[in-house]
Structures are given as C-alpha cells and as structure tokens.
Amino acid sequence: MTHGMIYDPIRGKDVPDTPEERVRQATIKFLIDEVKVPQNLIAVEFALSTVEPKTDDRVDLLVQDFKASGDLKHPWLLVECKAPGEYTWQALQVQLNKYLQILTPKYVMLSLGDAVRYFALDAVTKRFMKIEKLPEFK
C-alpha cells in the first residue's frame, strides 16, 4: 500500500502519510496552537540513545524544558502517538513505562487516535497522576 506525503513543520520536510503520522501531526498542531509550545522546543522521534546509549528506542514527541533545566532527561512533555486500532491503552502504557526508566518528564500525553490521556508528575510521590488537560506552556 502506498501512502502520500504529509508536511512535518518540525522536521521541515514531507514524510509518509500514515495513520500514525496523521495522529503525530495533529498532536504537533495541538501543542503549537493550543498549548503554545514554541516549535523549536519540539523534537520528533527523539532518539533515547541521546540520553541512554544502550537503547535504540525513540519517543514520538518530546518537548524540552530548557528554562527549568538544560537536562534532556527532564523534558517538559513526553508524547506517544499511535494510530487508532493499532495499540491498546495497556500496550501503550508498557511502552511508556520503558521510556520513563530513562526520562522524567513533567507531563505525559498518550494519544491513541482521537482519544487522548494526560498525566502530570507529582513532585512528592514521584508518580504520574491523570489530569484533564495540559497547562499552557510557559
């Protein structure tokens, strides 16, 4: 099956238009337009080997938090995007938990097609708690 192309403003190029890529691009648009994340702080398919050389995993989207720290291990937001019907919430959680062994973001966003869940790191318990929406990026 051949796919058309879709423009990715973060990578600055056309990429294959797959169901997962459509979810990723809708999420990028949401982060820029609604959450007010500066485009230059968003990394697409962020290689975790940048932080932990022993892994070849990639995070769909990562929003850096250079104001709080220049440390790549502590991003503002980690996002995992999947096409509808491709994953279950449980499978997505397993994948996320692997990433959370390397990164400690302030927020997590899981996007399974049109369904989205948000979580915030509780500074006291060091656990992620479900929240209704992401705060505006400041």
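Beyond its neighbours within four places in sequence, W76 is in contact (heavy atoms within 4.5 Å) with V35, V37, V63, Q64, D65, P105, K106, Y107, P135, E136 and F137. The model is predicted, with local features requiring pLDDT of at least 70 and side-chain atom pairs counting only at pLDDT 80 or more, whereas totals for chains, interfaces and linings use all residues. Residues are numbered from 1 along each chain as its sequence is written, and side-chain values use heavy atoms, with hydrogens and water left out.

Of its 20 residues, L31, V37, L61, V63, W76, L77 and L134 touch the most other members. Two or more residues each are given to this core by α1 (19-33), β3 (42-47), β4, β5, β6 and β7 (115-121), these elements being DSSP runs numbered from the N terminus (helices H or I, at least four residues; strands E, at least two). Apart from it lies another core of 16 residues, including L48, L96, L103 and V108.

In helix α2 (residues 89-99), L92, Q95, L96 and Y99 are buried. These residues cover an arc of only 100° around the axis, which puts them on the same side of α2, the arc being that of the directions from the helix axis to the C-beta atoms. The buried residues of α2 pack against β4 (58-63), β5 (77-82) and β6 (107-112), while Q90 and V94, on the other side of α2, are exposed.

Note on methods
Buried means under 20% relative accessible area, exposed over 50%, partly exposed in between (1.4 Å probe, protein chains only). A nonpolar core is a set of buried Ala, Val, Leu, Ile, Met, Phe, Trp, Tyr and Cys residues joined through side-chain atoms within 4.5 Å.
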